[in-house]
Amino acid sequence: MDRGLFSIAVFLDLKKTFDTINHDILSTKLDLYGLQKSSLNLLGSYLANRTQMCSVNGALSGTKLVTCGIPQGSILGPLLFLIYINDLPNSLEYSSTRIFADDTTLTVSGKSIKM
């Protein structure tokens with residue numbers, strides 16, 4: 001704006017980010033980063049076959065298989081999330097990206113608002 005350009009910013013606060021991580025995509029990314037098969041298998045077993053249930057007024061629901069996401073409150077959770085979104089800026093052609101944890105800002109500037 002100081003240079004007389006139009007600027008647009010989009011602020012993203014990803015909700016439930018840890019709950020939405022696709023295990024197959026995460027595994028592929030970890031493989032691309034060079035994790036050995038034994039490490040990938042260990043992480044796969046850490047994420048697989050997890051279940052959850054809900055308690056309301058002392059009544060428990062049935063268990064439900066969790067097919068995506070990473071455990072919250074774990075030491076590995078934030079690291080796995082960052083690995084998962086680390087390549088987001090590479091997929092954007094016209095904007096700059098700033099990422100801090102699950103907060104992301106997309107910005108673009110130009111002489112005109114027309115593309």
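Helices α1 and α2 are roughly antiparallel to each other, and this tour begins with them. By definition, an angle over 145 degrees counts as roughly antiparallel, one under 35 degrees as roughly parallel, one from 65 to 115 degrees as roughly perpendicular, and the rest as oblique. The model on the screen is predicted, so local features are reported at a pLDDT of at least 70 and side-chain atom pairs at 80 or more, while totals for chains, interfaces and linings use all residues. Residues are numbered from 1 along each chain as its sequence is written, and side-chain values use heavy atoms, with hydrogens and water left out.

Select residues 23–32, which form α1, and then residues 37–47, which form α2. Helices (H or I, at least four residues) and strands (E, at least two) are DSSP runs, numbered from the N terminus. How do the axes of α1 and α2 cross? They come within 11 Å and cross at roughly 160°. The axes are lines fitted to C-alpha atoms, for helices over the stretch in contact, and the angles run from 0 to 180 degrees between N-to-C directions. The crossing of α1 and α2 is right-handed. A crossing has this hand if the near helix is turned clockwise from the far one by less than a right angle, and is left-handed if the turn is anticlockwise.

**Second stop: two leucines of α2**

Next, select L40, which lies in helix α2. Its relative accessible area is 9%, and L40 is therefore buried. Buried means under 20% relative accessible area, exposed means over 50%, and partly exposed lies in between (1.4 Å probe, protein chains only).

Is L43 buried or exposed? L43 is buried, with a relative accessible area of 16%. Draw a distance from L43 to L80: C-alpha to C-alpha they are 9.9 Å apart in space, and 37 residues apart in sequence.

**Third stop: the aromatic rings**

Rings of Phe, Tyr and Trp (for Trp, its six-membered ring) pair if their centres lie within 6.5 Å; planes under 30 degrees apart count as stacked, over 60 as edge-to-face and the rest as tilted. By this rule there is 1 aromatic pair. Select F18 and F81, which form a tilted pair, with 5.7 Å from centre to centre and 40° between the planes. F18 lies in the loop between β1 (6–13) and α1, and F81 lies in helix α3 (residues 76–85), so the pair ties together parts that are 63 residues apart in sequence. F81 is buried, at 5% relative accessibility, whereas F18 is partly exposed, at 22%.

Select K29 and Y84 together. K29 lies over the face of Y84, at 5.1 Å from the ring centre. A charge sits over a ring if NZ of Lys or CZ of Arg is within 6 Å of the ring centre and within 35 degrees of the ring normal.

How many disulfides does a search of the whole structure find? It finds 0, where a disulfide is a pair of cysteine sulfur atoms within 2.5 Å. Select C54: it is in no disulfide, and the nearest cysteine sulfur, that of C68, is 17 Å away. For the sulfur of C68, the closest cysteine sulfur is in C54, and that distance is too far for a bond. C54 is partly exposed, at 44% relative accessibility, and C68 is partly exposed too, at 31%.

Most residues other than glycine have a negative phi, and most peptide bonds are trans. Select N49, in the loop between α2 and β2 (50–52). Phi of N49 is near 55°, a positive value, and N49 is exposed, with a relative accessible area of 70%. Then select N57, in the loop between β3 (55–56) and β4 (59–60). Phi of N57 is near 50°, again a positive value, and N57 is exposed, at 81% relative accessibility.

**Last stop: strand β1 and the segment before it**

Select I8, in strand β1. I8 is partly exposed, at 48% relative accessible area, and its C-alpha atom is separated from that of R50 by 41 Å. Finally, select L5, which lies in the segment before β1. L5 is partly exposed, at 22% relative accessibility, and the C-alpha atoms of L5 and T28 are separated by 40 Å.
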